[in-house]
2 protein chains.
Amino acid sequence: MTRLFNEPSAFADELTEGFVAAYPHHVRQVPGGVIRSAKPEAGSVAVVIGGGSGHYPAFAGLVGQGLAHGAAMGNLFASPSAQQVYSVAKAADQGGGVVLSFGNYAGDVLHFGQAAERLNAEGIQTTILTVTDDIASASKDEIHKRRGIAGDLTVFKILGAAADAGYSYEDVVRVAGHANDRTRSFGVAFAGCTLPGAKEPLFTVPAGKMSLGLGIHGEPGISEQDIPTADELAELFVAKLLADVPEGKGNRVAVLLNGLGTVKYEELFVVYRRVHQLLAEQGLEIVDPEVGELCTSLDMAGASLTLFWLDDELEKLWTDPVDAPAFRKGVVKAAEQLSESEIQVEDVHAIPEATEVSRDAAERVLAALQVTGKTIIDNAEELGRIDAVAGDGDHGIGMERGVRAALDAAQKALDGGAGAGTLLRHAADAWADRAGGTSGALWGVALGALSETFGDTDRVSASDVAAGITAAKDSVMHLGKANVGDKTMVDVLVPFASELSDRVAAGAPLREAWAGAATAAQEAADATADLVPKMGRARPLAEKSMGTPDAGATSLAMIVNAVATILA
Amino acid sequence: MTRLFNEPSAFADELTEGFVAAYPHHVRQVPGGVIRSAKPEAGSVAVVIGGGSGHYPAFAGLVGQGLAHGAAMGNLFASPSAQQVYSVAKAADQGGGVVLSFGNYAGDVLHFGQAAERLNAEGIQTTILTVTDDIASASKDEIHKRRGIAGDLTVFKILGAAADAGYSYEDVVRVAGHANDRTRSFGVAFAGCTLPGAKEPLFTVPAGKMSLGLGIHGEPGISEQDIPTADELAELFVAKLLADVPEGKGNRVAVLLNGLGTVKYEELFVVYRRVHQLLAEQGLEIVDPEVGELCTSLDMAGASLTLFWLDDELEKLWTDPVDAPAFRKGVVKAAEQLSESEIQVEDVHAIPEATEVSRDAAERVLAALQVTGKTIIDNAEELGRIDAVAGDGDHGIGMERGVRAALDAAQKALDGGAGAGTLLRHAADAWADRAGGTSGALWGVALGALSETFGDTDRVSASDVAAGITAAKDSVMHLGKANVGDKTMVDVLVPFASELSDRVAAGAPLREAWAGAATAAQEAADATADLVPKMGRARPLAEKSMGTPDAGATSLAMIVNAVATILA
């Protein structure tokens, strides 16, 4: 269990602070995570990794010469927000483009994906590379659906080595994709970890049993058996991985035997002894193996074996020197330290000049955000109750955290003279950054789309509002991949946007058009009670949610109806 | 708990095999442990560390450029034998002398001390440096009695850096002693670890409680309190260590925050955050801190803080580059690998030429060992029962393991044409190496002293036997530090040696003299029932042992009486 913490909610921030204090020669803190303190080559490709905290040395412990240029550090077992990823990537970029790499989990895909869109939109070439090494999580036919576990390290290592070796952008992406194709892992667990302050472990395994293929956050395994001997576990690992080898593999392989937290070094060495024998018996040559804690899950009891099938190019990159806080090998060049002034930190508080009319519009937008905030705060408990029927019950808390942060940022922007577009941009970033989860990301892009439409110069007309809402709808559907009928906020957003556009186009004043569209939104939200969710982790509970409306659809309808009351 | 193992008794050997297979670029296996695979400078001082297994990265993980030249790897939580230490030191020696360093525990002091004597006797300059950083284990007035815990690393690091920097032998010893004086640690524990195959943990701490100052093998702590917050633990650590600073400390300090096994990295970083703040508030500058698992105790839940008070010389050595399996920093030179032929492995099976008369004597010595073996094996259970009254009950098992190994080695030596001296030397080494514990070491030196007296050339006369027994008695008393009346085997050995010498000097044939002395030995063994032990861990239980004879005294009396039956 996790015993040492202060306020559980501050755990991730505090561990980041301690980590940065401990490794000043390796990392510098930037908003959202850390970047290398070693000065990189100008123009080299920047490798930005990340994920939830609780997996040290993944991810921040892997930032340094020969490895990643930056890591976005999310909350415990939670994806970093798109804003965090964006901010770290901006600070890490050396003008040579960015590769974002992370384990394949829905939340990470969403947030890193969104950051990539923003970076590309700003002219920073950005590519996503998800790691999919866990052979237990999907079949060979659906290899792209596999999760990323300890094999993250091989892909990150190849990315970092290729970038530091001066590979072109295209070649970094190519060789790292190849590394992911050549990396296969299999894991087992004996006991789950307990989050700071939690009363129960995240999952349990019956005493004396071992769960096969269980994920690093307690995602279901594929089977259960008695705890084997060390040799038997080695045999199981090797058999599983030799039954799932990549095409064109050679006879040289890097081996990672990873402890998840409380399977200790001595046990790992006993297991490794047999793994080594078995691979040698197959005529395989082992190159630079790693035995230790490479990707943990707090104090989870478990272990995984990774085989990384090398060719000449991958072997060179795998064995290249590296100097990160928690992964070091070979002879690196002494690093010149980056000076503070050389770190490009995105100033999220910068406020570009705005016209008088746009500043007036910003005031009205703030008023709309204020009534939105009051509505969410008043109804947070009810939203949580609805969400708990088939989800994890955090919709109310997440929305409240998001809207409070957005209001705070919007007020500061207004005080600083922001136009409507900038005020919305600040509110959008703050919402996405603080709310966490999927709804935070979706509200972030929705407000971001409004921001783009409103700008900081022109008067905001009724048709601008309608166009902005339509743009917001498109962004939400693009990012969230949900369609009408999936029992999400999209079921409300689509009829609301369409009704608003139609009424404005027909010449209705904004107040009237919005009120009509809001009524349609409420009807649509109520109608989600008859739907079954199509997406997300709640799938096994889908049936159970029949008769209850969707929480995200409900909160959206509440908001548009509340905003209706204050429109001029 | 420790879940992954095969035969528990093979655990230490198997983990060594796996460790060596995983790190071929760093270490080579030699009898008793490992040495660096990087080719060292000829004539440089060799730093040999060691201790029980189960503390990884201590000790074998700390062998490499800039750190130790070799590590003797004992069984789980048990000192390596003198033979293991000797063998590793011989292989690590580069002609510049050896420094043996280890945490201050009775078993290690005994075995390393004995190895040092043998090395010095062979002309290899050898010095002992015990690490005594644990401020909870003894007061400032008895600072030399303190245990060694995570602060081992600072002393080892200074030793290795000084040796690799080309320091003279005297200067290596001086600066490392100074490093030990400047290193202070304090530890806490939340839960004990479980040895492979054991049903119960080595110790327990009540749920919700934290034990202060508890040793890494479960040695008693100084107090118990509720588990604090991370910040409160940082405050406790810093307060304890700032109340026990070395004389002449400066304002620069290296900081080690160590996890014992299941207090994980994220928790350590949260604690480190506050430690860093508190030390900074005191105006201290922190140099190259380390936060992680530096000295574990299998999966024990605990943590310790070490402050290493630097001066200019220590700071330079602390920050010098290092490249060991589990501790790496800075820019080391690319290492030239040692070739197999350059490793000086002591051939313990070498048999020097012997005369006919000495080979005859060897046959009679083997007969004595055989009757010794039968006696011990027949009485092992009874010896265990006597030992369990006030000790840990393993005397019978240990003696049986020792004598079986000695018999095996003696038979092989005889088959190879050994004289009496060589046969006894092989038997002595095998006994000490395999029996473990204090009695193993003492029987090893006893047989070793006989070996010296007998030699491989001359006929063994009655007075040679008497002289050999007297030499054995002296060796046992010198190594074990026990006197007559302490309730140990010395209570038997002293009257036996003296009676034998007197009777032989008076002209009695060996058989008669030995029989008389054996009777005196039995009386002395029985009389130990009236004594209270003065030494060792059994002290709290001393009273309880009144009325029961000492197990070591009893087994010795049994042996000399058994040998009496076969003397010609």
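**Group meeting: a helix pair and some aromatic rings**

Okay, let's start with A:Asp415, which sits in helix 10 of chain A, residues 395-415. Keep in mind that this is a predicted model. With a relative accessibility of 59%, A:Asp415 counts as exposed. Going from there to A:Thr438, you cover 23 residues in sequence and 30 Å in space, C-alpha to C-alpha.

Now over to chain B. Helix 10 (395-415) packs against helix 11 (420-435) of chain B at about 150°, and the axes are 7 Å apart. That angle makes helix 10 of chain B roughly antiparallel to helix 11 of chain B. The crossing of these two is right-handed. Who's touching whom? Helix 10 of chain B brings residues including B:Gly398, B:Met399 and B:Leu414, and helix 11 of chain B answers with, among them, B:Leu423, B:His426 and B:Trp431. The contact residues split into 13 nonpolar, three polar and two charged.

On to the rings. Searching the whole structure turns up 24 aromatic pairs over all chains. One of them is A:Tyr23 with B:Phe269, edge-to-face, 6.2 Å between centres and 75° between planes. A:Tyr23 is in the loop between helix 1 and strand 1 of chain A, while B:Phe269 is in helix 7 of chain B, so this pair joins two chains. Buried or exposed, A:Tyr23? Buried, at 6% relative accessible area, and B:Phe269 is buried too, at 1%.

Then there's B:Phe19 and B:Tyr56: centres 5.8 Å apart, planes at 70°, so edge-to-face. Those two are 37 residues apart, and the pair links distant parts of the chain. Both B:Phe19 and B:Tyr56 are buried.

Methods. Residues are numbered from 1 along each chain as its sequence is written. Chains are lettered from A and ligands numbered from 1 in the order in which they are written. This is a predicted model: local features need pLDDT of at least 70, side-chain atom pairs count only at pLDDT 80 or more; totals for chains, interfaces and linings use all residues. Side-chain values use heavy atoms; hydrogens and water are left out. Axes are lines fitted to C-alpha atoms, for helices over the stretch in contact, and angles run from 0 to 180 degrees between N-to-C directions. Helices (H or I, at least four residues) and strands (E, at least two) are DSSP runs, numbered from the N terminus. Angles under 35 degrees count as roughly parallel, over 145 as roughly antiparallel, 65 to 115 as roughly perpendicular and the rest as oblique. A crossing is left-handed if the near helix is turned anticlockwise from the far one by less than a right angle, and right-handed if clockwise. Contact means heavy atoms within 4.5 Å. Ala, Val, Leu, Ile, Met, Phe, Trp, Tyr, Cys and Pro count as nonpolar, Asp, Glu, Lys and Arg as charged, and the others, Gly among them, as polar. Buried means under 20% relative accessible area, exposed over 50%, partly exposed in between (1.4 Å probe, protein chains only). Rings of Phe, Tyr and Trp (its six-membered ring) pair if their centres lie within 6.5 Å; planes under 30 degrees apart count as stacked, over 60 as edge-to-face and the rest as tilted.
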